[in-house]
Amino acid sequence: MKKIRWGALVAYIVLAIFAIITVFPFVYMILGGLMSFRETTTIPPTLIPKHFEWSNYAKVFAQAPFARYFLNTFITASVTTIVSLFNALLGAFAMVNLKFKGKGVVQVVLLSLLMVPGEAIIFTNYNTIARMGLLNTYIGLVLPFLTSIFYMYYLQSYFGSISQTIYKAAMIDGASDWEYIWRILVPMSKGGLFTVALLSFISGWNSFLWPLLVTNEDSMRLLNNGLTSFASDAGSETQLQLAAATLTVLPILILYFIFRKQIIRGVVRNDLKG
């Protein structure tokens, strides 16, 4: 019993240390957004502000078109989430339920493409978007991300857990593939679909490198690119950058705390057991 208790104690201590390491940057970001410029740049660093500078958040919106950044980010993240989820749903259904010539070849090709890092093709995508005249447009921001092989294979493994008997029974009853998808497959796979949607939205919300390449107008910038508005040759207004970073992260944190149970359920697939 003593060994078990000591082992559990050590495990809790290790978990507590890693939890502090993980949470501290977020806590300091929030507190730093309420500090003065001097407090954010002093050595040793100030951990608790003497006076909460709530005016920093007003300055963020006054100094940069942050509301526009929010709108641009929400539009691009929402569009990529909806379209990529729809494409992943249809692709995963086809790979699991449909039989067609060359299916194995298609899977091998898709798996091969999945192993190619995004950074390796980003400049090719940029040249394509530039030649199409889509720089500084919403279409240019979202076009390379309207489909995801990773999400398709995630849903494919999810759909593979559903018995093929259900699909065959639906076909015998006269249901079309389209009816099977929306009336049977989607309701049975809500956890997985929700997880994919949330991951896609977070990825779109946190996008940085691609928007940096395809936009050079302030009106088309996204939130993470907008943080550079508080830096100049004279230096950075660190308190405003921390306040802006807090505003950027806050919606994602709220989504996580609201839907954390659905995320976990989607990952472990509890809704498909039994």
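User: Before we start, what counts as a polar contact here?
Analyst: A polar contact is a pair of N or O atoms within 3.5 Å, and within protein one must be able to donate a hydrogen and the other to accept it. Residues adjacent in sequence count only if both atoms are side-chain atoms. Keep in mind that this is a predicted model.

User: OK, how many residue pairs are in polar contact across the interface of domain 1 and domain 2?
Analyst: Two, both at pLDDT 80 or more. For salt bridges across that interface, the count is zero.

User: Which elements of domain 1 touch domain 2 there?
Analyst: Helix 1 (2-32) and helix 2 (37-41) are the elements that give two or more residues to that side. Helix 1 gives the most, with five residues.

User: And what classes of residue are on that side of domain 1?
Analyst: Six are nonpolar and five are polar, with no charged residues.

User: Back up a bit. Where are the two domains in the chain?
Analyst: Domain 1 takes in 4-8 + 13-51, and domain 2 is 63-270. Their C-alpha centres lie 31 Å apart. In terms of contact, 11 residues of domain 1 meet nine residues of domain 2.

User: What area is buried between them?
Analyst: About 720 Å², with carbon and sulfur atoms giving 75% of that. On the domain 1 side, Met-29, Gly-33 and Phe-37 lose the most area to domain 2, and together they make up 56% of what that side buries.

User: Switching topic: which residues does UniProt annotate as "transmembrane region"?
Analyst: The unreviewed UniProt entry puts that annotation on 9-31, 69-93, 105-123, 135-154, 193-213 and 240-259.

User: What about 193-213?
Analyst: That stretch is 86% helix and 0% strand, with 30 Å between its end C-alpha atoms.

User: Where is Asn-136, then?
Analyst: In the loop between helix 6 (118-131) and helix 7 (138-142).

Methods
Residues are numbered from 1 along each chain as its sequence is written. This is a predicted model: local features need pLDDT of at least 70, side-chain atom pairs count only at pLDDT 80 or more; totals for chains, interfaces and linings use all residues. Side-chain values use heavy atoms; hydrogens and water are left out. UniProt positions are given in the numbering used here, feature names are shortened, and annotations may be inferred rather than shown by experiment. Helices (H or I, at least four residues) and strands (E, at least two) are DSSP runs, numbered from the N terminus. Domain bounds come from an automatic or database domain assignment. Contact means heavy atoms within 4.5 Å. Buried area is the accessible area (1.4 Å probe) that two parts lose on being put together, summed over both. A salt bridge is a side-chain nitrogen of Lys or Arg within 4 Å of a carboxyl oxygen of Asp or Glu. Ala, Val, Leu, Ile, Met, Phe, Trp, Tyr, Cys and Pro count as nonpolar, Asp, Glu, Lys and Arg as charged, and the others, Gly among them, as polar.
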